[in-house]
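Welcome! Have a look at the model, then try each task before reading on.

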Amino acid sequence: MERIIGHKVIKEYFTKVLEHKKLAHSYIFEGQEGVGRNSVANVIAKSLLCLNGTKPCNTCSACHQFDVHTHPDIIRIDKDARSIKIDVIRKYVVRELSVKPYQSEYKVIVVNHAEALTVESQNALLKAIEDPPSYGVIIFITNNIDMLLPTIKSRCIHIRFSGLTDEEVKSCIKSGSKAIIKFANGSIGVAKRLVEDEDFKELRAKSVEFLSRLETADIMQLYDIVNNVVKQVEILDFWILWYRDLLLYKSTGSRDLYYADYERMLVDMATGLNYHTISDNLDNIQTAKLDILANSYALFVIENLLLRLKGSWR
């Protein structure tokens, strides 16, 4: 656990739980990608399967099997395309939990992207969670706990992983601009990916260009922006940070901004918009992102969003 960056309280909790063998049968690890959810789940699983104690010794045969992904008592489930279907749950959770561990005291199941579980899959999981075998431990990893049924959530211990500090993220990547650290929003995984992403700077610049054009755009220019954003919906993430900068500047006057290199434009926009309008625009962008993730028609969502943003400047 000590090698995992941040999450002091969570690490201390699981260290004690493992030492006293008081682990619950089911957990939900919620938080954004790349903040350490999988790392903590891996340490827990490896600790339970290790042959030499309550934390990984990294020398026994079980630890070696775990490292090379051949241990029979750790089962990892991920989404296929967009969902985790009931057949997968029946085969790799329900059926596997009915069979005792092959060589350990425990059988650990890690369900990644648990928000992708279909309703039928979640209902199939209920019996395994309500009446688990003594050797079974299930860890659900998700970035959106609201996609899980109340019956699932009420039967699991909820562990919330907050974003890491900018300093913690920076300590884990060899190189990275302030913009990358800010955009990572507390996620080491995102920061590492952006360091290798040659398109990041270009997309960031485009996000500002589109906002700048939007204010004075006529109907044809508006739909040109709509079509561009539909092709690169990641721009919504940049806009979320733009409006967070506006809120921060408007409320505190802080210059510690993600878009500090566009300070003049930020100041001008903050001057022309009141606090509540900026907050509403931020909410609208976040809602649009969630709507697209929920498979709403992206063109319709973006069109309505841009009309709202443009209207707020009148």
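**Exercise 1.** Find the residues that Pro56 is in contact with, leaving aside its neighbours within four places in sequence. Then decide whether Pro56 counts as buried, partly exposed or exposed.

*Solution.* Keep in mind that this is a predicted model.
- Step 1: Locate Pro56 in the loop between α2 (37-49) and α3 (61-67).
- Step 2: With the neighbours within four places in sequence set aside, the contacts of Pro56 are Val43, Lys46, Ser47, Cys50 and Cys63.
- Step 3: The relative accessibility of Pro56 is 22%, so this residue counts as partly exposed. The cut-off for buried is under 20%, and for exposed it is over 50%.
- Step 4: For a sense of distance, pick Leu149, which is 93 residues from Pro56 along the chain; 33 Å separates the C-alpha atoms of the two.

**Exercise 2.** Work out where Asn112 lies, what it touches and how it is classed by accessibility.

*Solution.* 
- Step 1: Look in the loop that runs between β3 (107-111) and α5 (119-130); Asn112 lies there.
- Step 2: Not counting residues up to four places away in sequence, Asn112 touches Asn38, Ile77, Asp78, Lys79, Ile84 and Ile141.
- Step 3: Asn112 has 16% relative accessibility and therefore counts as buried.

**Exercise 3.** Describe how helices α11 and α15 meet: what are the distance and the angle of their axes?

*Solution.* 
- Step 1: Two packed helices are described by the distance between their axes and the angle between them.
- Step 2: Take α11 (residues 219-231) and α15 (residues 298-311); their axes come within 9 Å and cross at roughly 130°.
- Step 3: The two helices, α11 and α15, are therefore oblique to each other, and the crossing is right-handed.
- Step 4: On the α11 side, the contact is made by Leu222, Tyr223, Ile225, Val226, Asn227, Val229 and Val230. On the α15 side, Ala298, Leu299, Ile302, Glu303, Leu306 and Leu307 take part.
- Step 5: Sort the residues of this contact by class, and you get 11 nonpolar, one polar and one charged.

**Exercise 4.** Now step back: how many helices and strands does the chain have, and what percentage of its residues count as buried?

*Solution.* 
- Step 1: The chain has 15 helices and five strands.
- Step 2: Of its 314 residues, 46% count as buried.
- Step 3: The C-alpha trace spans about 65 × 40 × 35 Å along its principal axes.
- Step 4: The accessible surface of the chain is about 16,800 Å², and carbon and sulfur atoms account for 50% of it.

Conventions:
Residues are numbered from 1 along each chain as its sequence is written. This is a predicted model: local features need pLDDT of at least 70, side-chain atom pairs count only at pLDDT 80 or more; totals for chains, interfaces and linings use all residues. Side-chain values use heavy atoms; hydrogens and water are left out. Axes are lines fitted to C-alpha atoms, for helices over the stretch in contact, and angles run from 0 to 180 degrees between N-to-C directions. Helices (H or I, at least four residues) and strands (E, at least two) are DSSP runs, numbered from the N terminus. Angles under 35 degrees count as roughly parallel, over 145 as roughly antiparallel, 65 to 115 as roughly perpendicular and the rest as oblique. A crossing is left-handed if the near helix is turned anticlockwise from the far one by less than a right angle, and right-handed if clockwise. Contact means heavy atoms within 4.5 Å. Ala, Val, Leu, Ile, Met, Phe, Trp, Tyr, Cys and Pro count as nonpolar, Asp, Glu, Lys and Arg as charged, and the others, Gly among them, as polar. Buried means under 20% relative accessible area, exposed over 50%, partly exposed in between (1.4 Å probe, protein chains only). Accessible areas come from the Shrake-Rupley method with a 1.4 Å probe; for residues, only the protein chains shown count as cover.
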